[in-house]
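Subject: Structure handover

Hi,

Here is the structure we talked about. Please open it alongside this note; my findings follow below.

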Amino acid sequence: MSTLRALAKAQALAAGVAQPVATVRHLHLSDRPLVLVPLTMAGEANAPLAALVGDAPDAARLLVVPQPRNRDQRFAFAAELAGIVLPYLDSFRGDTEAVAVDRGRDVRHRYVDAPQLVVPNPGGVTFLRLFGRSTRFRRPDGDYPVHPSVPLLGRWLTFFAERAEQPGSSALVALTDALTLHWATGQSAVEDQHLPAVLGWLDPPPGLTGAQAAARAEDPASCPPAGPATDPEFDNRVLAPAIAAYADAADDEAARRSAYAELELALRGQLAPTWELVWRGLGLLAALPPGARVAGRWAGDRDAFTGHAEHVDAGGGPQPRRDGAVAAAVRLHRLERAAASYAVQRAYDDPLVMAEHRLTGEAFVGDVTLADPARVDDTGKRPVLRPRIQVVTTEPVAVPVGATLYSPARPGQKARVVFLTPAADGKTEVVLELSGGMGRGLTAPPGTVPEVGERLCLTTLSDGFLPAGSFPTPEETPWTHGGPPAAPVLSDPAPGPAAGPAAGPAAGPADGDPAEEWA
């Protein structure tokens with residue numbers, strides 16, 4: 001936790017309401033996100049119990065698994081979920097736009113928009129990842145077939161789960177993480193995973209402080225958990241009797257329908273409050289203006305969506321269960337580069353985020369007191385424009401002479417530190433030589449050189465291009481990492497006799513559901 005966020009949390013506790021730690025929104029919000037509130041059965045590995053799904057506050061659809069231990073009902077739930085998710089994804093596969101590549105020598109096409117999935121908390125992301133893993137290798141033919149849409153749903157859920165690992169991606173949003181990225185509450189990071197408690201801090205009811213509203217929200221009787229786990233008291237008092245009543249009514253159609261209706265009513269009561277809170281939280285985020293670089297990161301999500309859609313259309317196989325040595329290294333390198341770039345972009349977009357770097361000495365703010373925009377350096381083979389400016393700051397300057405600094409106001413320009421001179425009243429005079437971002441001539445266009453009186457932020461953080469690393473081909477995997485890989489296994493091993501369908505609606509753990517399928 002940074003010093004600034006720790007201070008904001010202390011202020012939130014003292015003021016009784018969450019404190020902003022961002023001035024702009026650092027993620028993209030779709031005009032039509034698909035909200036998914038999952039609920040899983042306690043004690044079972046990723047056994048879906050119910051879900052509320054929809055792309056509008058008044059368009060929620062409740063999906064229920066009356067017997068979560070029953071394989072057939074699980075995959076029927078997957079098919080029903082696919083009937084909602086896949087048409088939603090297809091609705092974005094219409095208009096495309098041309099994007100220049102290879103310095104304008106070629107073009108590629110991508111969709112002008114992309115889908116966005118929203119879940120209440122990181123537990124929802126984990127549910128989608130595991131559910132995608134358990135369904136993307138299923139087959140519509142052979143032993144134990146499933147609906148053809150089930151493996152396709154699994155591949156798309158895996159795609160969104162992998163995008164959620166990408167720093168700065170907005171394809172799959174865990175709402176608690178999105179809210180606490182922009183506001184600091186007066187509670188711990190673990191408590192911040194509870195959506196009702198977070199919203200209690202952000203918008204407490206009249207007459208209550210954030211702490212009081214959060215404490216009330218943590219009472220399951222007044223506000224059920226935000227999923228995917230259920231409350232133990234609800235499990236014992238309501239859920240277990242409802243599932244048992246449904247199982248006991250197997251031979252009586254009328255009683256079965258009545259038991260299903262009661263189960264559905266109970267599960268809707270658990271999910272509906274969280275559904276309303278998700279849309280309320282999205283409204284709070286939508287009130288913030290988007291950061292300048294959010295659109296560029298969303299373009300990356302659109303690129304990824306287009307690429308995966310083309311891969312699926314071309315008959316490409318599902319994502320492998322585990323990466324090879326080279327693929328894992330490439331993935332890690334890509335995520336590290338994205339994390340570094342995302343941190344810089346947030347700081348460039350948001351003065352409050354940049355303030356954290358000012359506290360660590362990675363940035364400072366000062367006033368331009370002198371400027372020579374026409375200075376030319378003729379010591380080389382040809383004269384080049386090298387203006388100099390002097391910045392006076394009261395903040396500590398922790399960079400040495402010769403260091404290169406950047407300004408969020410002119411990200412394409414470099415400022416080399418020429419002199420550092422302590423001045424009176426604890427001030428420091430910093431003389432900088434500028435290069436880049438001023439054209440190719442010997443006269444700087446207006447606005448490209450900071451003028452006297454301008455307040456300037458300078459930082460060691462660079463938003464420049466980060467070149468990709470060099471990795472061997474999979475066929476050249478070094479022996480230290482297993483040597484050349486064998487043919488990838490893209491499907492689960494054939495199920496044995498114990499992996500058959502459930503014997504009945506009330507089948508227990510021995511119904512043949514391999515643990516690794518749902519783990």
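**Salt bridges**

E395 and R358 form a salt bridge, with their closest N and O atoms 2.2 Å apart. E395 sits in the loop between β13 (388–393) and β14, and R358 in helix α12 (residues 351–359), so the pair ties together parts that are 37 residues apart in sequence. E395 counts as buried, at 16% relative accessibility. R358 is partly exposed, at 31%.

Bear in mind that this is a predicted model. A search of the whole structure gives 22 salt bridges. Two further pairs are worth a look.

- R93 and D313 meet at 2.1 Å, N to O. R93 is in the loop between α2 (71–90) and β5 (96–101), and D313 is in helix α10 (residues 294–313), so this pair ties together parts 220 residues apart in sequence. R93 is partly exposed, at 25% relative accessibility. D313 is exposed, with a relative accessible area of 51%.
- R388 and E433 meet at 3.2 Å, N to O. R388 counts as partly exposed, at 24% relative accessibility. E433 counts as buried, at 9%.

There is also a network of salt bridges. It links E97, R108, R110, R302 and D303.

**A buried arginine without a salt bridge**

R136 lies in the loop between α3 (122–135) and α4 (149–164). R136 is buried but has no salt bridge. The nearest side chain of opposite charge is E162, 6.2 Å away. What does the R136 side chain contact instead? It makes a polar contact with the side chain of T158, at 3.1 Å. It also reaches the backbone oxygen of P320, at 3.2 Å.

**Cavities**

The whole structure has 4 cavities of 30 Å³ or more. β15 gives the most, with 4 residues. By class, the lining has 8 nonpolar, 2 polar and 2 charged residues.

**Overall**

The protein has 13 helices and 17 strands. Its C-alpha trace spans about 95 × 65 × 45 Å along the principal axes. Of the 519 residues, 47% are buried.

Best wishes

How values were computed:
Residues numbered from 1 in each chain as written. Predicted model: local features only at pLDDT ≥ 70, side-chain atom pairs only at ≥ 80, totals over all residues. Heavy atoms only, no water. 1 Å grid on protein atoms, 1.4 Å probe; cavity = no way out; pocket = protein on both sides within 12 Å on 5 of 7 lines; lining within 4 Å. Points joined across faces, edges and corners; volume = space filled by probe spheres on them. Helix = DSSP H or I, 4+ residues; strand = E, 2+ residues; numbered from the N terminus. Nonpolar A, V, L, I, M, F, W, Y, C, P; charged D, E, K, R; others polar. Buried < 20%, exposed > 50% of the residue type's maximum accessible area, 1.4 Å probe, protein only. Lys, Arg positive; Asp, Glu negative; His and termini not counted. Salt bridge = Lys/Arg side-chain N within 4 Å of Asp/Glu carboxyl O. Polar contact = N/O pair within 3.5 Å; in protein donor to acceptor, adjacent residues only side chain to side chain.
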